[in-house]
Amino acid sequence: MDKIVIQGGRPLRGSVAISGAKNAVLPVLAATLLTHGKNRITHAPEVRDVDTMLDLIGDLGGVLDSRVKGDIVLDTANIKKAEARYDLVATMRASCLVLGPLMARLGEARVSLPGGCAIGARPIDLHIKGLEAMGAVIELKEGYIHGRAKKLKGAHFCFDTVSVTGTQNLMMAATLAEGETVLENAAREPEVSFLAEVLKRSGADIEGAGTDTIVIRGVSEIRPLDCRIFADRIETATYLIAGAITGGEVEVRDCIPAHVEPVILKLREAGVTVQENGEVLYVKANGGIKAVNIRTQPHPGFPTDVQAQFMALMAIAQGQSVIMETVFENRFMHAAELKRLGSEILIEGHTAVVSGVPYLSGAPVMATDLRASASLVLAGLAARGETLVSRVYHIDRGYVSMEKKLSNLGASIRRVK
Ligand code: UD1
């Protein structure tokens, strides 16, 4: 298994380009299952989760006509199989995004239950309840969700909790359902609005995406999808924090500053200089990071996917920072590893209290999930001495060439087998 070795303590300098958003391309790939033909997707990030989704769609009968770097042509004319296998779903929870499209297209779906995961139980009960409201009959047996519906019918559904993939799943199912569907307490993440835009361009009738009420009027068919994936906001935030935590000066380009506004505001509150210029963000810090409090929330609040990386920054801040995780019930696994690097963190339920220390010291650490692994890399960049991060396959699920991008910025970082 690969590991990443970092010699910390070097301020990052230079420019880094942001890749396409993992969480935008996965639902779009799932939505190709609603179409019969050649779907064109450009600027997809070359990460493991995209490979997994393509394998899954291939297993259902999709044909990958071409894939040149991030440009994908995916033919979904012959989707025949309705079963998403356990071995594919187990490695990526977002596989459950095929549930809605398969139900809408084939009137049936068998999708393995995603099971537990490192950041909490993460049930998909709301996806299931929503489909039931649309007339599906759903059974859970032998570890699979088995849904059937001759024709899904429009419904009025209110999410108990805001769910990003839940909203996307039901929006896709409703696109080909009979009649009107109203989704209330819907997720407002940019990845939800983007999916709606892409579907609309192919003939879907969707209004209100980006607000908490989405109205979808079912249509009989949609044309193959054609889109360019927008910049990854979590990768953008990670490189902003990389600049800040190393006391460096970094230009983060090809990004969408508006998507990372809550992170920019917190960085500025912490004393970091962040300037915006079109699709470029410029970050500068020279030590003297101030402790600030954060509370994760669904968009447009502070993203849970940046909580771990921000905790790494707070580990070397002056003062005490209170970090509240309100989206997931168990998302502080990185804290124990950050402590191995010398940080002082106290966890009490959904709250972490981080008392900043003057410096971190390199140590061997283990990545536990995708964003946790990014936080360990960031902490390693700031730490004195050598940090060895193991289980980096988590990083490869969602970050494009992280160690290459960081070494181009002057970090001493390499991958070892
Ligand atoms: C998506 C993102 C993930 C991000 C998360 C929150 C993708 C592929 N992944 O994950 O990176 O961390 O949003 O911004 O876009 N819940 C239920 N029942 C359900 C569904 C969700 O109780 O049926 C709960 C979850 O356990 C969690 C909360 O709702 O506590 C939010 O989860 P959700 O928005 O669904 O996360 P994902 O869509 O899986």
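Helix H1 (residues 22-31) packs against helix H2 (residues 48-60) at an angle of about 5°, with the two axes 10 Å apart. Axes here are lines fitted to C-alpha atoms, for helices over the stretch in contact, and angles run from 0 to 180 degrees between N-to-C directions. Helices (H or I, at least four residues) and strands (E, at least two) are DSSP runs, numbered from the N terminus. H1 and H2 are therefore roughly parallel to each other, where angles under 35 degrees count as roughly parallel, over 145 as roughly antiparallel, 65 to 115 as roughly perpendicular and the rest as oblique.

The model is predicted: local features need pLDDT of at least 70, side-chain atom pairs count only at pLDDT 80 or more, and totals for chains, interfaces and linings use all residues. Residues are numbered from 1 along each chain as its sequence is written, and side-chain values use heavy atoms, with hydrogens and water left out.

In the contact between these helices (heavy atoms within 4.5 Å), Lys22, Val25, Leu26, Leu29 and Ala30 of H1 meet Asp49, Val50, Met53, Leu54 and Ile57 of H2. The residues of this contact comprise eight nonpolar, no polar and two charged. Ala, Val, Leu, Ile, Met, Phe, Trp, Tyr, Cys and Pro count as nonpolar, Asp, Glu, Lys and Arg as charged, and the others, Gly among them, as polar.

The ligand is surrounded by 19 residues, of which Asp125, Ser163, Thr165, Asp305 and Val327 are the closest; a residue belongs to this shell if one of its heavy atoms lies within 4 Å. The shell divides into eight nonpolar, six polar and five charged residues. Helices H5 (125-133) and H6 (164-175) each supply at least two of its residues, and H5 gives the largest share, three residues.

| Residue (backbone N or O atom) | Distance to a ligand oxygen atom |
|---|---|
| Leu126 | 2.7 Å |
| Val164 | 2.8 Å |
| Val327 | 2.5 Å |

The protein covers 88% of the 740 Å² of accessible area that the ligand has on its own, by the Shrake-Rupley method with a 1.4 Å probe.

Two loops contain backbone features of note. Between strand S18 (294-295) and helix H10 (307-315) lies Pro300, which a cis peptide bond with omega of about 10° joins to His299. Asn185, in the loop between strand S11 (180-184) and helix H7 (190-201), has a positive phi of about 55° although it is not a glycine.

Note on methods. Polar contact = N/O pair within 3.5 Å; in protein donor to acceptor, adjacent residues only side chain to side chain.
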